[in-house]
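Open the model in your viewer and keep the selection panel at hand. The stops below each give a selection and then what is found there.

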Amino acid sequence: MVIHMNETRLCTIEQIEQFLSATASIEFSATGDDRERYGHISRVLTRFDYPGRSKRERGVLHRYLQHTSGYSRAQVTRLVTRWHRNRLASVPLAKRYSTPAAPFARKYSAIDVELLVEMDKAHEDVCGPAIAHLLQRAYREYGDVRYERLATLSVSHLYNLRKSTGYQAQRISFTKTRPVCNAIGVRKAPSPEGRVGFVRIDTVHQGDQDGVKGVYHITCVDAVSQWQVEACVQGISEAFLLPVLALIIAQLGGVNYLGRSTTTILAGEARSF
């Protein structure tokens, strides 16, 4: 909903203060262009004779313009300063920049972008200097007039064209989700210091054949006594490892291996995988 307000009847600073206190919770938004808002600021400053006002009254006018124009406090201050310098001109406030009457011509067209896409596809996205050299050869050595403009393409602007919307729309690439590689064991040699019970464990996958998953070979070797135990599991997971580890521990020393219970060893070995 758009509401048009006639604020010309606000002629005193007291009325401006009453208006600000009554509309503190109301938010104004600009519906026109900057030219209309500049005109509103000029009319208010002229109507209230801004140069002849005190510092407090000027602050009230600043807050009023900020509230009704939608500009920030800093922008209102800049505009008021410009109006004060040019207040004797026919148009004290005017935009100092606008859309150029003759905008910059686009050098490389959509056809050039398509040719660049074709060249990148054919050479599997090699580096920019290589592509720029290939574009030059296509025109200068092979006489392909389609590459006349691209033959002057710089390497830096080549990367700009690769980032453009037209290029990206034709070169959509998908990257597969990369698996998370979390280490499930600590890979380091044990330090037995001449004591038995420190076991080296190694796993080797047998391989797949005709689509059938192979087993995993587990080799356990005591670092001191060199006692070796071999086992096979269907997969590296807790469901397959716990029963096999219990058998390995039994092979290495029984239920009370080196003064540690089977449960403690089993938990420790399960964590080492």
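Leaving aside its neighbours within four places in sequence, which residues is L65 in contact with? Select L65 and display H40, I41, V44, L45, G70, V76 and V80: these are its contacts beyond four places in sequence, where contact means heavy atoms within 4.5 Å.

Before moving on, note that this is a predicted model, in which local features need pLDDT of at least 70 and side-chain atom pairs count only at pLDDT 80 or more, while totals for chains, interfaces and linings use all residues. Residues are numbered from 1 along each chain as its sequence is written, and side-chain values use heavy atoms, with hydrogens and water left out.

Next, select H40, which is found in helix 2 (34-47). Helices here are DSSP runs of H or I with at least four residues, strands are runs of E with at least two, and both are numbered from the N terminus. H40 counts as buried because its relative accessibility is 12%; buried means under 20% relative accessible area, exposed over 50%, and partly exposed in between, with a 1.4 Å probe and protein chains only. Beyond four places in sequence, H40 is in contact with E7, Y64, L65 and T68.

Now select I16, I41, L45, Y64 and L65. Of the 21 residues in the largest nonpolar core, these touch the most other members. Such a core is a set of buried Ala, Val, Leu, Ile, Met, Phe, Trp, Tyr and Cys residues joined through side-chain atoms within 4.5 Å. Helix 1 (13-22), helix 2 (34-47), helix 3 (55-69) and helix 4 (73-85) each supply at least two residues of this core. A second, separate core has 16 residues, among them M119, A132, L135 and Y147.

For the next stop, select D125, in the loop between helix 5 (110-122) and helix 6 (128-140). Its phi is near 55°, a positive value in a residue other than glycine. D125 counts as partly exposed because its relative accessibility is 42%.

Then show helix 6 together with helix 7 (residues 155-163). The two pack at about 100° with their axes 9 Å apart; axes are lines fitted to C-alpha atoms, for helices over the stretch in contact, and angles run from 0 to 180 degrees between N-to-C directions. Helix 6 is therefore roughly perpendicular to helix 7, a label for angles of 65 to 115 degrees. To see the contact, select G128, P129, I131, A132 and L135 of helix 6 with V155, L158, Y159 and R162 of helix 7.

3 strands form an open sheet in the order 1-2-3 with antiparallel pairing, and two strands pair if DSSP finds at least two bridges between them. Strand 1 and strand 3 stand at the edges with a single partner strand each, so one side of each is left without a neighbour in the sheet. Strand 1 (residues 199-205) is joined to strand 2 by 7 bridges; show T203 with its partner I218, and V204 with H217. Strand 2 and strand 3 pair over 6 bridges, one of which can be found by selecting T219 and E230. Because 5 of its 7 residues are buried, strand 2 is largely enclosed by the rest of the structure.

Finish at Q226, in the loop between strand 2 (216-222) and strand 3 (228-233). Q226 has a positive phi of about 60° although it is not a glycine.

Terms used
Parallel < 35°, antiparallel > 145°, perpendicular 65-115°, else oblique.
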